[in-house]
Amino acid sequence: MLTLGVMMPAGFAQADTLSPGEMGHPNQKSIGIYVGSELTEGGSTYLAGFGHEPSSHWLEIIPRQQHPEGATWQVGVTDQARIPGELIDIPQVSTTYKYISSSYSEFAGFPPPLTNGGLNEKGVAARDIWAPSRPELVEMSEDAAEQTPQTGPQYSDLAKAAMERASSAREAVEIIGGLIDEHGFSTYGGNSHLIADAEEGWVFINFAGGQGLWAAERLGADQIRVSYPGYIHDFPADPGQSDDYMASDNFVDFAIEQGWWDGEGDYFNVQETYGQAFPAEDPGDFYPAFYTEARNPPALERELEEMGPLTLEDMLAYVRDPRWSTDFSGYGQVAELRPETHPELQSLWVAVTSAITTPFVGIPIGAEDVPPEFKQHRYMTKDADSHFLDPDYGPLEATRYATRTFKRLLYHTCEHPRDFLHPVTGEIETFERQLLDERGEVEAQALELFEAGDDAQARQFITTRTAEHLLASLELGEDLVRDVERQTRETYGIRMPEGDVAEGETAPATSQPMARHGWGAMIHCYADELDEYPRQHGQYAESSLD
């Protein structure tokens with residue numbers, strides 16, 4: 001192990017003590033990556049990424065459900081949202097599909113549980129990604145909300161609808177576009193979705209402004225798209241004449257009416273017309289430079305193209321990349337949509353929290369549950385501090401919480417990344433390779449049960465093996481955090497916070513607010529001299545914590 005002298009913490013960047021609103025926090029929230037099947041080693045389609053939320057995170061497998069005639073579901077945002085809104089009830093469909101999701105609990109004014117997508121039983125995968133609209137559109141939404149609260153589904157509602165209702169990526173676009181057309185859209189300033197099935201992908205942008213503006217572009221099997229933020233460039237002036245594009249009825253005319261496009265030519269650039277330039281601006285300049293500089297989707301697309309043909313391992317390592325996998329990264333996901341695979345063996349590879357220090361585990365859609373250790377716990381869950389625990393949740397809360405274990409590992413590793421990042425990564429990726437080595441045997445046993453018509457036993461087998469893999473990943477996390485913490489104590493001691501000392505106050509730093517710098521503080525493991533990125537999965541397999 002590399003031994004260093006006492007140094008300033010490598011993984012901490014901070015701004016002045018300001019609230020997120022005072023800092024002008026940019027909505028730099030998440031990443032989505034689509035890779036078409038012609039660009040992968042085994043012919044799979046990949047949809048990868050994560051969301052950024054200061055929140056509790058947990059795994060859910062939401063079962064297929066039947067709903068009575070006249071059933072409704074509540075959508076929208078509350079008056080606590082940045083652009084205030086009002087919740088409404090809209091019609092529910094009779095059948096909602098089963099899907100796997102990383103759920104979370106906090107985004108201002110957006111009622112939990114929230115989701116950015118996942119993988120459903122029809123082999124449709126979805127990601128939700130920030131996509132800031134041009135300032136005039138945001139101002140339109142803000143000005144309108146001063147008179148009348150905005151209504152309609154928000155980003156999580158639309159992602160949920162795609163998972164619960166769509167049997168293809170194209171149908172998902174039609175569904176969420178139709179919901180906006182009928183009910184409106186509750187925005188925080190612009191948003192997007194990246195959706196895929198085994199055949200194709202779609203990028204869908206929904207804009208602020210209260211005009212119901214949205215546009216979608218098809219992504220073929222020979223394409224890569226990185227949404228960071230979500231974007232569309234060239235778009236036809238008459239999208240109805242092509243199967244590769246869809247849009248709200250007013251999408252083209254509104255741009256002309258506002259003077260944002262002159263109407264000349266067969267195509268116009270959606271990003272230049274309705275969006276904001278990228279790399280996205282960083283108002284206040286309070287994020288580390290490496291983090292802001294990565295916000296350039298075309299550059300990342302070229303990076304991935306040069307890595308091709310891409311493998312599942314490549315995608316796991318890319319989502320884990322410390323240029324974006326930080327404390328802000330709530331989880332990691334890679335949907336692997338394989339050709340000629342039994343539908344219930346299509347899998348979502350999930351890291352329950354930031355993949356920089358969390359193993360991915362493949363969860364087939366045939367699995368029916370996950371262990372309680374990977375479900376919702378009180379840590380960082382919205383309103384968890386306002387009441388005592390309800391007895392109904394006592395046994396669940398008594399279990400270990402995987403998210404907390406891997407967060408501890410993240411905080412220790414990122415305090416001294418030069419010592420710990422490589423060996424921790426090596427242990428985690430060795431574990432992932434073991435899962436991949438075992439997958440063929442596990443799937444062969446499940447497929448034998450499916451082909452014999454014993455679907456219930458096949459699902460039980462998949463559920464049991466998935467639980468074993470998840471719990472083994474938790475055991476690995478606990479072993480790693482124990483070793484890293486021990487070595488940290490022996491080499492450096494545990495650094496204590498300095499806090500903010502105010503005249504007349506006596507509270508020590510350890511009792512002061514832990515989020516005093518709001519969005520302007522970031523724990524991360526990036527150190528420029530450690531690696532050249534992107535890097536190969538498994539390259540640190542020989543590294544050791546001892």
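The second largest cavity of this predicted model has a volume of about 80 Å³, while about 190 Å³ of space lies in the largest one. In total the structure holds seven cavities of 30 Å³ or more. Helix H11 (residues 417-451) packs against H8, comes within 11 Å of H12, axis to axis, and supplies part of the lining of the largest cavity.

**Second largest cavity**
- Its lining consists of 13 residues, and Lys29, Glu53, Tyr104, Asp128 and Tyr155 lie nearest the centre.
- By class, this lining has five nonpolar, five polar and three charged residues.

**Largest cavity**
- Of the 15 lining residues, Gly362, Pro364, Arg439, Val442 and His469 are the closest to the centre.
- Strand S20 (347-351), strand S21 (361-364), H11 and H12 each contribute at least two residues to the lining.
- H11 gives the largest share, five residues.
- The lining of the largest cavity comprises eight nonpolar, four polar and three charged residues.

**Packing of H11 with H12**
- The axes of H11 and H12 (residues 455-491) cross at roughly 170°.
- The two helices, H11 and H12, are therefore roughly antiparallel.
- Their contact involves 16 nonpolar, six polar and five charged residues.

**Packing of H8 with H11**
- H8 (residues 312-320) and H11 pack at an angle of about 150°, with axes 12 Å apart.
- H8 and H11 are therefore roughly antiparallel, and their crossing is right-handed.
- On H8 the contact uses Leu312, Glu313, Leu316, Ala317 and Arg320; on H11 it uses Thr425, Ile428, Glu429, Glu432, Leu436 and Arg439.
- These contact residues divide into five nonpolar, one polar and five charged.

Methods
Residues numbered from 1 in each chain as written. Predicted model: local features only at pLDDT ≥ 70, side-chain atom pairs only at ≥ 80, totals over all residues. Heavy atoms only, no water. Axes fitted to C-alpha atoms, helices over the stretch in contact; angles between N-to-C directions. Helix = DSSP H or I, 4+ residues; strand = E, 2+ residues; numbered from the N terminus. Parallel < 35°, antiparallel > 145°, perpendicular 65-115°, else oblique. Left-handed = near helix turned anticlockwise from the far one by under 90°. Contact = heavy atoms within 4.5 Å. Nonpolar A, V, L, I, M, F, W, Y, C, P; charged D, E, K, R; others polar. 1 Å grid on protein atoms, 1.4 Å probe; cavity = no way out; pocket = protein on both sides within 12 Å on 5 of 7 lines; lining within 4 Å. Points joined across faces, edges and corners; volume = space filled by probe spheres on them.
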